Amino acid sequence: MNVQVTEDELATMKFGIGQPVPRGEDPTLLTGRGQYTDDINVDGQLYGYVVRSPIAHGTLKGIDTSEAEGMPGVIAIYTAKDLEAYGSIPCVVPFKNRDGSDMAKPGRPGLAVDKVRFVGDPVAFVVAETLDQARDAAEAVIPDIETLPAVTNPTEAAKDGAPQLYDGIANNVCLDFHYGDADAATKAFAEAAHVTRLDLINNRVVVASMEPRSAIAEYDPATEKFTFTAGSQGAFGLRNALANAVLKVPTDKVRVVTKNVGGSFGMKGGPYPEYFPLLHAARALGKPVKWTDDRSGAFLSDHHGRGHEVSAEMAFDKDGHILALRTHCHADVGSYLTPVGPQPATLNAVKNLISVYKTPVIDLNTKCVFTNTSPIGPYRGAGRPEANYYVERLLDNAAREMGIDRLDIRRRNQITADQIPYKAPSGMTYDSGDFPAVFEKAVTFSDWHGFEARKAESTARGKLRGLGMSDYLEVTGPPGKEMGGIRFEKDGTVTIITGTLDYGQGHWTPFAQILHQRTGIPFDRIRLLQGDSDQLITGGGTGGSKSMMSSGGAIIEAGQEMLDKAKQIAAHILEAAAADIEFADGRFAIAGTDRTITVLEIADKLNQGLSLPPELPQSIDVSLAHETGPSAFPNGCHVCEVEIDPDTGVVEVVRYSMVNDFGIVVNPMLVEGQAHGGIVQGLGQALMETTVYDESGQPLTGSFMDYAMPRADNAPMFRYDSHPVPCTTNLVGAKGCGEAGCAGALPSVMNAIVDALAEYGVTHIDMPATPQTVWKAMEAAKAG
């Protein structure tokens, strides 16, 4: 039988939802034609350079700028006294202490006022005609700092007698957070047949985005308006933060422009102290001022990620069913609070703690603690990977202690499909998912039961081999508003306008796929605008793996509004009643006839000045604020196999399989790529990445000479499969995928390492499992 397929249907088959369409921006980026902030130069611009504290903790008694002021090309040098009229960087999370009192939130100034609190704390800002002149002058600025004792570990910082970073904040604890039912947990642990406990390190990591932070500040005295060009995770949100918290001006007096962004992972989401003197200099000097961090500066000034020390315990009945889960955490927030710095170890940990497991009671206790280190902020997953890490390590430990198979202990505790929607003790309601089906598919897909043969082969080559699993779940996509804009340009292209921001994800292509499938607008005509706050009416930015849920939903809503308007205009053009107009594949038609008109033809007529009756829509452009739905719950099961060289402790990930439920997958190629990237970042934290400070607070891992990053040869070829169950809380049906790789990787890699070392009697090893750490664990076990 011959099936006739129209040209429009073929286009949807090629570019519609579910198709692996290559990223539209890649040819531009791969041929060096991208436009990152440091690529941009403005006529007449000056250059800024930051003077940073070389001391981790001390009283700032003064700053000698006399020599620097007379150096060639120097225009100005600013210190804290020049910024007194400005605000501070706020911490915006509304958390309370366990006693109901407000958490302590000391603001962060643009330049240090009376104390320095970490190596890298900005103390002065030099502006000169060239970058070299600004750098040379910065070296001649001499801060007078009286050194104070420093503390770099959150557990130590919370003890009596530790050096205090702030007056009035006892034991450096800015937040004593509790969630859960402590009494019920105490009862469950007292009555448990078995309790498993582990002390776990969630190691501090440097974000190390490919592109260091950079910004250009301009000021127009005629309009009293700032233009700030910088990498961000959302131009609208950064605009609001700069206007409200930093500059204290109306939001319409600030425009934020973001071009291409070379990675962020949570780090570029909010304002930074360097932006204060940069904006001040632009206004005071009447010229654009540009600042770009170098890699050494980025190691100090970019906020870091993770940094938690946790005691976790899980109570079981005699059959291995979970009764309760309890954690006590000291969370490092560094020297200053970032806008959402306390959230990963508190609210995000709460939401993600039970993962896919029936857990009647949780009791989470976290102290957020100041230390003399770089500030901590969100980093890919921001509480999700670590919560899954704690649970999956506890389950493996409990299985070993109770003599239960690792697969069986998970099966006994999994939330089943018939229990969905599931009300979790975290307050979250899981709307969709089939966790046992994903799990069993992963067991088969990874050839779990064929492991012993592979282990025997490794043993024959003198290697240890281990097998690990992570059955993870994440809470993504917090509710909010997102812009859905559609604009028909005079050149025949169509621009999607939305307030998420692509900093490497590849939004253009999947967003275009949604609009194409919903409206029939040709895929190659669709463009994307995200990074200009003046063209946004709202914008939640990109974070929490929510872009497809929020912007995707906004595009669907905007597309439908556009079609509703276009249908009325089509009826007028075709001289028919609107009720007689049908729509399919981008084309309006009078029912039962061959008289048609496309969306683009309507747009073209409007752009050429088509006159319409006043009662009809005068445009098919759309600009709306979409209300995003409740959170979604991506989940999956990752299985990792490692080999360890017993002579050197070197760990190699040799096999990695995964099955994920990301709901409706708009572009499987991009989704799999996001999973790969998240896994490699997880491998980095598990095997090599960690920041180290000495007792005085000096960073010992201040460059790539000392801080190891994962490379291609650290990762195997990944095996990927999918078991999608559509989400019911957003219009797309998607669940988010950008951070899930980390959540799967941390536990599966570490469980595999412990499994490989089990023959030595090793039952736990902390991240990062460097060769030295692994070798020491083996030697200690052998020594007995």
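**View 1. N172 in the loop that leads from α5 to β7.** In this predicted model, N172 is placed in the loop between α5 (154-157) and β7 (173-180). The residue has a positive phi of about 65°, although N172 is not a glycine. With a relative accessibility of 1%, N172 counts as buried, because buried is taken to mean under 20% relative accessible area.

**View 2. R306 in the loop between α9 and β13.** R306 belongs to the loop between α9 (295-301) and β13 (308-316), and its backbone has a positive phi of about 60° although the residue is not a glycine. The relative accessibility of R306 is 3%, and the residue therefore counts as buried.

**View 3. The cis peptide bond from I420 to P421.** The peptide bond that runs from I420 to P421 is cis, with an omega near 0°. P421 itself is found in the loop between α12 (406-413) and β16 (422-423).

**View 4. The cis peptide bond from M767 to P768.** Between M767 and P768 the peptide bond is cis, and its omega is near -10°. The loop that holds P768 is the one between α19 (740-757) and α20 (771-783).

**View 5. G107 and its contacts with S88 and I89.** G107 lies in the loop that is found between β3 (74-78) and β4 (115-116). When residues up to four places away in sequence are not counted, G107 touches S88 and I89. For one of these contacts, the C-alpha atoms of G107 and S88 are separated by 5.3 Å, while the two residues are 19 residues apart along the chain. G107 has a relative accessible area of 36% and is therefore partly exposed, since this class covers the values between the buried limit of 20% and the exposed limit of 50%.

**View 6. A patch of negative charge that includes D64.** On the surface of the predicted model, the residues D64, E67, E69 and D144 gather in a patch of negative charge. Of these residues, D64 has its place in strand β2 (residues 58-64).

Notes:
Residues numbered from 1 in each chain as written. Predicted model: local features only at pLDDT ≥ 70, side-chain atom pairs only at ≥ 80, totals over all residues. Heavy atoms only, no water. Helix = DSSP H or I, 4+ residues; strand = E, 2+ residues; numbered from the N terminus. Buried < 20%, exposed > 50% of the residue type's maximum accessible area, 1.4 Å probe, protein only. Contact = heavy atoms within 4.5 Å. Patch = residues over 30% accessible without salt bridge, like charges linked within 9 Å, V, L, I, M, F, W, Y side chains within 5 Å. Areas by Shrake-Rupley, 256 points an atom, 1.4 Å probe, with all protein chains shown as cover. Salt bridge = Lys/Arg side-chain N within 4 Å of Asp/Glu carboxyl O. Lys, Arg positive; Asp, Glu negative; His and termini not counted. Charge placed at Lys NZ, Arg CZ, Asp CG, Glu CD.
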